[in-house]
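The following exercises concern one protein structure. Each task is followed by a solution in steps.

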Amino acid sequence: MTKDEIYAWLSKTLEEMFELDPARITPEANLVDLDIDSIDAVDVVVKFKALTGKRVQPEVFKSVRTVQDVVNALHTLVQG
Amino acid sequence: MLNKIWRVIATAFCFSCFGIGGILIGLIAFPLLIAVSPDRLDRARRAQALIHHSFRFFVGLMCVVGVISVELRNVQRLARSGQLVLANHPSLIDVVILISLLKQTNCIVKGGLWRNPFMRGPILAAGYISNHGGSDLIDDCVAALAKGDNLIVFPEGTRTPVSGPMQLQRGAANIAVRATCIVTPVVIQVSTPMLPKGRPWYRVPPTRPHFIVTVEDDLDMQTFLAQGRPATLAARDLTQWLHEFFTRETQQIAAA
């Protein structure tokens with residue numbers, strides 16, 4: 001998966017899972033501002049695993065702040 | 001004034017009993033328990049029962065010496081298992097009162113208390129859940145409920161601020177929407193702030209705090225999970241609901 005594909009998947013997933021206004025989902029958007037907490041992050045990770053079969057260690061998300069950070073983290077994972 | 005001095009002495013006495021009791025139970029009762037009960041689940045059950053009875057005694061002691069008074073409403077609704085109890089959190093002793101009312105109860109304990117010599121032994125034996133695990137916390141709570149433990153959770157995550165609005169975290173609601181269990185709100189009302197966050201124990205309130213513990217009707221979780229609504233959204237709805245509920249109920253009793 002390319003970063004663009006991951007971004008497209010992620011923004012659609014966030015929109016569906018958290019009923020977010022798509023206009024608010026940008027690469028720079030901060031997860032805290034989108035009211036996404038660590039429990040929500042785990043749910044996103046579970047969805048990602050269902051899609052790719054890749055196991056994600058929750059620690060990966062310790063340092064992420066923005067939507068783009070999540071895309072980068074997931075991208076590193078599918079590469080690895 | 002005399003009343004206040006008495007309550008400072010009585011509070012010191014009660015807290016000493018709590019500390020000494022914790023050490024004795026940790027040094028004597030729990031090693032015995034481990035010896036007679038090698039099975040972890042069985043041991044946890046017995047440890048939880050022991051803590052329940054000790055806390056019952058302790059709450060009784062606090063009432064007898066006049067540190068607090070407690071009024072219970074509809075507590076028969078707590079005599080079940082696999083029940084998730086969601087309470088507001090005005091005071092340090094809320095959890096002591098709630099455990100004194102609920103047998104076989106699990107709770108989430110601050111990671112730091114694992115290093116507290118008064119509490120470490122009992123916490124370990126009872127199989128209490130640590131809030132350390134991060135993402136595993138919700139799963140641990142759901143598993144505890146599934147094996148029949150009751151679970152006390154304070155949706156605020158910390159004690160209610162004395163002034164200013166109540167704030168809820170979404171963890172409690174996330175447990176409620178993911179576990180298939182009974183969910184029962186409990187409203188704790190206290191006549192004057194007793195051991196709120198940031199106040200030392202010896203600064204006792206001007207009058208004896210009167211606690212009113214009201215067990216409310218079970219929540220119908222279907223209203224939050226209807227039409228296959230995802231857990232992420234159901235947890236948001238429930239958190240919002242709980243926030244309005246606790247804010248309203250605590251104000252109502254305060255006004256009465």
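Buried means under 20% relative accessible area, exposed over 50%, and partly exposed in between (1.4 Å probe, protein chains only). Helices (H or I, at least four residues) and strands (E, at least two) are DSSP runs, numbered from the N terminus. The model is predicted, so local features need pLDDT of at least 70 and side-chain atom pairs count only at pLDDT 80 or more, while totals for chains, interfaces and linings use all residues. Residues are numbered from 1 along each chain as its sequence is written, chains are lettered from A and ligands numbered from 1 in the order in which they are written, and side-chain values use heavy atoms, without hydrogens and water.

**Exercise 1.** Determine how many residues of strand β2 of chain B are buried.

**Exercise 2.** Identify the bridge partner of B:V85 in β6(B) and in β5(B).

Step 1. Two strands pair if DSSP finds at least two bridges between them.
Step 2. β2(B) pairs in the parallel sense with β6(B) (residues 182–190) over 5 bridges, and with β5(B) over 3 bridges, also parallel.
Step 3. The partners are B:T184 in β6(B) and B:I152 in β5(B).

**Exercise 3.** Classify B:G164 as buried or exposed.

Step 1. B:G164 lies in the loop between β5 (150–153) and α6 (171–178) of chain B.
Step 2. Its relative accessible area is 55%, so B:G164 is exposed.
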